Amino acid sequence: MSALDMFEIGKRVEIGSHTFTADAIVAYAQKYDPQPFHVDEEAARNSMFGGLCASGWHTTAVWMKKNLEYGEMRDAELKAQGKTPPVMGPSPGLSNLKWLRPVYANDTIRFFNTVTSARQRQNNPEWGIVELFSEGYNQNGDKVVEFDNAVLVRM
Amino acid sequence: MSTQAVALKKYALEDFTPGREFELGPYPVSADEIIEFASEFDPQPMHLDEEAGKASILGGLSASGWHICAMMMRMLIDGYILDSTSQGAPGVEYCNWKRPVLAGDTLHGKSTVLSSRSLKSRPGIGAVEFSHELFNQRGELVCTSANTGFFASRDKGERK
């Protein structure tokens with residue numbers, strides 16, 4: 001069985017959800033993205049966003065956290081079935097990232113992944129590359145974020 | 001954004017002319033910061049532990065790609081965004097992590113304006129497309145990215 005067989009093309013899975021507190025939004029933004037609408041409730045109310053909202057990079061960092069947690073659950077299930085979990089490598093990057101709506105303080109975002117391709121690398125056959133389409137939706141069912149990303153998997 | 005608020009900023013939509021470059025950094029990357037970020041968002045061994053990093057194909061304690069994005073954002077903030085009429089960004093066309101960023105590296109780079117246009121749907125606001133490049137202290141390219149940001153116009157059509 002190839003390591004890539006564990007990635008089912010086209011299947012959309014919910015990888016987890018996360019509530020963005022005002023404190024966490026401000027803490028992230030003070031370090032990395034201190035624009036007024038990410039660090040100051042009052043300034044955010046008067047901005048075009050109308051309320052304190054998370055840095056877009058905070059939203060995607062939380063996706064990564066959920067992505068890893070999901071990976072651990074998947075690996076535990078594979079082990080329980082007597083299968084060997086895939087060995088994941090680094091990621092080459094992301095593309096088509098869209099911040100479609102603000103993530104406001106106290107919003108709960110549900111994240112989803114869909115595997116779009118899984119193939120052996122031509123130039124480095126010890127590794128495969130798995131491509132994902134990832135999405136996040138808020139508690140009203142509105143999509144807030146989507147992007148394409150990829151990760152290497154040891155063959 | 002009020003006319004007074006716009007007037008206080010160094011960079012408005014009109015200042016992002018195609019070809020204009022903005023220096024980014026320097027940004028020293030500490031082991032503590034790599035571990036702190038990874039502990040919260042990307043707790044994989046090569047981002048948490050020097051020995052595990054050395055054993056990985058990244059070759060040392062290395063920053064999460066999402067941490068590289070965060071540091072790039074901070075460099076954009078300090079380079080021009082915070083002193084601009086920024087109205088947020090709708091997204092990022094791409095961000096490629098070309099080389100590991102290791103503890104002790106110092107990042108620098110530049111943003112280049114690719115294009116600028118007014119938005120018909122949002123009077124007084126325009127979309128500016130940038131490319132960004134980050135390098136380490138050896139001049140090696142570690143990250144390339146392109147994104148669009150929204151900026152308020154200085155003139156709002158009232159005067160030229």
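Hi everyone. From the N terminus on, chain B runs α-β-α-α-α-α-β-β-β-β, that is, five helices and five strands. Helices (H or I, at least four residues) and strands (E, at least two) are DSSP runs, numbered from the N terminus. Two housekeeping points. This is a predicted model, in which local features need pLDDT of at least 70, side-chain atom pairs count only at pLDDT 80 or more, and totals for chains, interfaces and linings use all residues. Residues are numbered from 1 along each chain as its sequence is written, while chains are lettered from A and ligands numbered from 1 in the order in which they are written.

Let's begin with overall dimensions. The C-alpha trace of chain B spans about 60 × 30 × 25 Å along its principal axes. Of its 160 residues, 41% count as buried. Buried here means 20 or more other C-beta atoms within 10 Å of a residue's own, exposed means 12 or fewer, and partly exposed is in between, with C-beta atoms placed from the backbone.

Now the sheet. What is the order of the strands in it? It is an open sheet of ten strands, E1(A)-E3(A)-E4(A)-E5(A)-E2(A)-E2(B)-E5(B)-E4(B)-E3(B)-E1(B), with antiparallel pairing. Strands pair if DSSP finds at least two bridges between them. At the edges are strand E1 (12–19) of chain A and strand E1 (21–28) of chain B, each pairing on one side only. From one strand to the next, the twist averages 20 degrees; axes are lines fitted to C-alpha atoms, for helices over the stretch in contact, and angles run from 0 to 180 degrees between N-to-C directions.

Where the chains meet in the sheet, strand E2 (residues 93–99) of chain A and E2(B) pair in the antiparallel sense over five bridges. There, Ser95(A) stands opposite Tyr94(B).

And the wider interface? 26 residues of chain B are in contact with 23 residues of chain A, contact being C-beta atoms, placed from the backbone, within 7 Å. On the chain B side, the largest share, eight residues, comes from H5(B). By class, that side has 17 nonpolar, six polar and three charged residues. For the record, Ala, Val, Leu, Ile, Met, Phe, Trp, Tyr, Cys and Pro count as nonpolar, Asp, Glu, Lys and Arg as charged, and the others, Gly among them, as polar.

H5(B) comes up again in the largest nonpolar core, which has 65 residues and takes twelve of them from H5(B), the most of any element. A core is a set of buried Ala, Val, Leu, Ile, Met, Phe, Trp, Tyr and Cys residues joined through C-beta atoms within 7 Å. Among the members that touch the most others are Ile68(B), Met73(B) and Leu76(B). Leaving aside neighbours within four places in sequence, Met73(B) is in contact with Tyr32(A), Asp33(A) and Trp57(A).

Last, helix H2 (residues 31–41) of chain B. Which of its residues are buried? They are Ile34(B), Phe37(B), Ala38(B) and Phe41(B). These cover an arc of only 95 degrees around the axis, so they sit on the same side of H2(B); the arc is that of the directions from the helix axis to the C-beta atoms. On the other side, Asp32(B) and Ser39(B) are exposed. The cover over the buried residues of H2(B) includes helix H4 (56–80) of chain A, along with helix H3 (45–48) and helix H5 (65–81) of chain B. Thanks, happy to take questions!

Technical notes:
Contact = placed C-beta atoms within 7 Å.
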